[in-house]
Amino acid sequence: MIVEEIMNSTVFSLKPSNTIKEAVQLLKKEQIRHLPITNIANEVIGLVTERDIKNALPSSLLKIPDEGIYDQPLENIMTKNIIVGHPLDFVEEIAIIFYEHRIGCLPIISGGKLVGIVTGTDLLYNYIELTGANKPSSHIEIRVPDIVGILFEVTKVFHKHHASVLSVLVYPDKEFDEMKILSIRVKIMNPLSIIEDLRKEGFEVLWPNMPGMKM
């Protein structure tokens, strides 16, 4: 999946000459937390976040607050030299950027111009959509040996039960280096018969593993 499929194409931005007050009003009106700062050519030259504004505003503990701070231009508080993405970047690649740089948003640039924005919330929503966690389903976790063809062997059990698999995630087993964990979400509300057959085939089902279930 590429960024173009999940980015917000309607981007609210301001100019460096706009004031902190104008930024506060826009953030509140549109219920957003990030504002790319652009020049007259719509090129991104900075970024202002809700946190930047909070850090710039006077403390509520001051007896005489400095109201003049609201009239300061955004160029005084904006972050410069920001990281940007491209519409054709893969979502997995920008997720790594979010993780490594601990950022909350990524302006998306094409031809040097601002064309969209992706936030951490967008990535989370995309993850939920891809895994099918928002659909009626069951979650099954299976420990399997890290060998070629093991996924095919596991899915044969699901095929036998005519169960539609919504997603499969594979991640390392923290206990055993030679094993992997398959996290499978299946479009069925009662997976007990599938779990029983998985165990008959010798697979170790880690979840669900409730009291009373056969090991």
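Colleague: Which residues make the nonpolar surface patch?

Modeller: This is a predicted model. In it, L124, Y127, I128, L169 and Y171 make a nonpolar surface patch of about 440 Å². The elements giving two or more residues to that patch are α4 (120–131) and β6 (165–172).

Colleague: Which element gives the most to it?

Modeller: Helix α4 gives the most, with three residues.

Colleague: Take Y127 in α4. Buried, partly exposed or exposed?

Modeller: Y127 has a relative accessible area of 46%, so it counts as partly exposed, the class between 20% and 50%.

Colleague: And N126, buried or exposed?

Modeller: N126 is also found in helix α4. Its relative accessible area is 8%, so N126 is buried, the cut-off being under 20%.

Colleague: What does N126 touch, leaving out residues up to four places away in sequence?

Modeller: With those left out, N126 touches M1, I6 and V91.

Colleague: Switching to backbone. Where is the cis peptide bond?

Modeller: It joins W207 and P208, with omega at about 0 degrees. P208 is in the segment after β8 (204–207).

Colleague: What about phi at Q31?

Modeller: Q31 is not a glycine, yet its phi is positive, about 55 degrees. Q31 sits in the loop between α1 (20–30) and β1 (34–38), and it is exposed at 73% relative accessibility.

Colleague: And N81, what is its phi and where does it lie?

Modeller: N81, not a glycine either, has a positive phi of about 55 degrees. N81 lies in the loop between α2 (50–56) and α3 (91–101) and is exposed, with a relative accessible area of 78%.

Terms used: Residues are numbered from 1 along each chain as its sequence is written. This is a predicted model: local features need pLDDT of at least 70, side-chain atom pairs count only at pLDDT 80 or more; totals for chains, interfaces and linings use all residues. Side-chain values use heavy atoms; hydrogens and water are left out. Patches are made of residues with over 30% relative accessible area and no salt bridge: like charges are joined within 9 Å, nonpolar side chains (Val, Leu, Ile, Met, Phe, Trp, Tyr) within 5 Å. Accessible areas come from the Shrake-Rupley method with a 1.4 Å probe; for residues, only the protein chains shown count as cover. A salt bridge is a side-chain nitrogen of Lys or Arg within 4 Å of a carboxyl oxygen of Asp or Glu. Helices (H or I, at least four residues) and strands (E, at least two) are DSSP runs, numbered from the N terminus. Buried means under 20% relative accessible area, exposed over 50%, partly exposed in between (1.4 Å probe, protein chains only). Contact means heavy atoms within 4.5 Å.
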